[in-house]
Amino acid sequence: MLKRITFTLFVLVAILMCANLTIADLVTDGLVAYWSLDANTISGTDVKDVIGGNNGTITGNLTQVAGKVNGALEFDGASSVDVVGTDALNFNGKSEMTVAVWAKPASDDPVVGVVAGCCGSIVAQRDALSWALRYDGRNAGQEFEFIVCPNWQGDGGFGAPKIATGEWHYITAIVAVDKRQLYLDGALVIEDVYAGPMVSNGPETDIGHASDGGFVGTIDEIVMYNKALTADQVKQNFQSAGLVISSVSLQGKLATAWGQIKSK
Ligand SMILES: [Ca+2]
Ligand SMILES: [Ca+2]
Ligand SMILES: [Ca+2]
C-alpha cells in the first residue's frame, strides 16, 4: 500500500513538473497583461486578462475561432475588445515596454479605416494618446507598424512588411529607452532611435479596432510587458505555446494517470 501511495505521489509530482515546464515557456518577468483569447477566458462580452486583471469588453461582433494557441478572435475591422486598463498599463513617463501578438490577416489589405489603407489597430492605446501596433497600407513595405508618443514616432515608416493572407505571424514591438524595435517571428526586422520617455494620457487598450480604424483578421495571444524584452526572450515567446494549460488538458492528464495507477 505504501508503495502504491509513493508511486501515486511520484506520478502526480511528475505531472505537475511537466505543467510547470510549460508555464515557464512564456517569459513572465515584467509580464503585466496576457489576453490568450482562449474560449475559457471569454464569457459573453467579457474577455479576461489571465495575468493582470486588465479585463476587456467586446464591442460589436467578434467570432471565436481556432487560434495559434487554443482559441482566438476573428476581427472585422469595426469590432474590438476594449480594455479600460489599470496603472500597470499606463506607460506615461516610462522608458520601456513590449507588446507582442500573433496575427493572421484575412486579406492583402486587412483594414477598415477612416482613410484609405489606414488604420488597422491590432493592439493599441490609440483611443488614448500613447502607442499603436497596427496595419497602415500607406507605408509601402512597412505596413505592420509600431508608432509611439510623444508625437507618434514611427508613423512615417517604421514597420514590418506585409504578412501573407491567411498565415499566422508573431509580431513583437519594443520600446527600449532610446530605441524602438520590431521583430517578426522572433527575428529583428527594424530598429530606430526613439526620443522618450513615453507620453500617454491613459491606459485604455484597444484590441482589433481604435478610433481611426480596425484590423481585419484573426488575433491571438496578446502579451504586454513593462520592460524591453531581449532578443532571446522575444525568440522564447515566439517558440512558446502560451502560458495557461487549459484545465481540460490538465484534467485529462490527471484522469489518465489516475486510471493507470488504479490498474496497477
Ligand atoms: Ca489563444
Ligand atoms: Ca476603445
Ligand atoms: Ca504610418
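What share of the contacts in the chain with a separation of 6 or more comes from residues 24 or more positions apart? The share is 65%, where two residues are in contact if their C-beta atoms, placed from the backbone, lie within 7 Å. The model is predicted, so local features are given at pLDDT of at least 70 and side-chain atom pairs at pLDDT 80 or more, while totals for chains, interfaces and linings use all residues. Residues are numbered from 1 along each chain as its sequence is written, and chains are lettered from A, with ligands numbered from 1, in the order in which they are written.

The chain holds three helices and 19 strands; these are DSSP runs numbered from the N terminus, with helices (H or I) of at least four residues and strands (E) of at least two. Of its 264 residues, 44% are buried. A buried residue has 20 or more other C-beta atoms within 10 Å of its own, an exposed one has 12 or fewer, and a partly exposed one falls in between.

Helix α2 spans residues 231-239, and its buried residues are Q233, V234 and N237. These buried residues line one face of the helix because, seen down the axis of α2, they fall within an arc of 105 degrees, taken from the directions from the helix axis to the C-beta atoms. An α-helix has 3.6 residues a turn, so residues three or four places apart point the same way. D232 and Q239 are exposed on the other side of α2. The cover over its buried residues includes β8 (96-105), β14 (169-176), β15 (179-184) and β19 (213-225).

Leaving aside residues up to four places away in sequence, I219 touches A72, L73, F75, V101, A103, I122, I207 and G208.

Some backbone details deserve a look. Most residues other than glycine have a negative phi, and most peptide bonds are trans. The bond from C149 to P150, however, is cis, with omega near 10 degrees, and P150 sits in the loop between β12 (144-148) and β13 (159-160). L37 has a positive phi, near 60 degrees, and counts as buried because it has 29 C-beta neighbours inside 10 Å.
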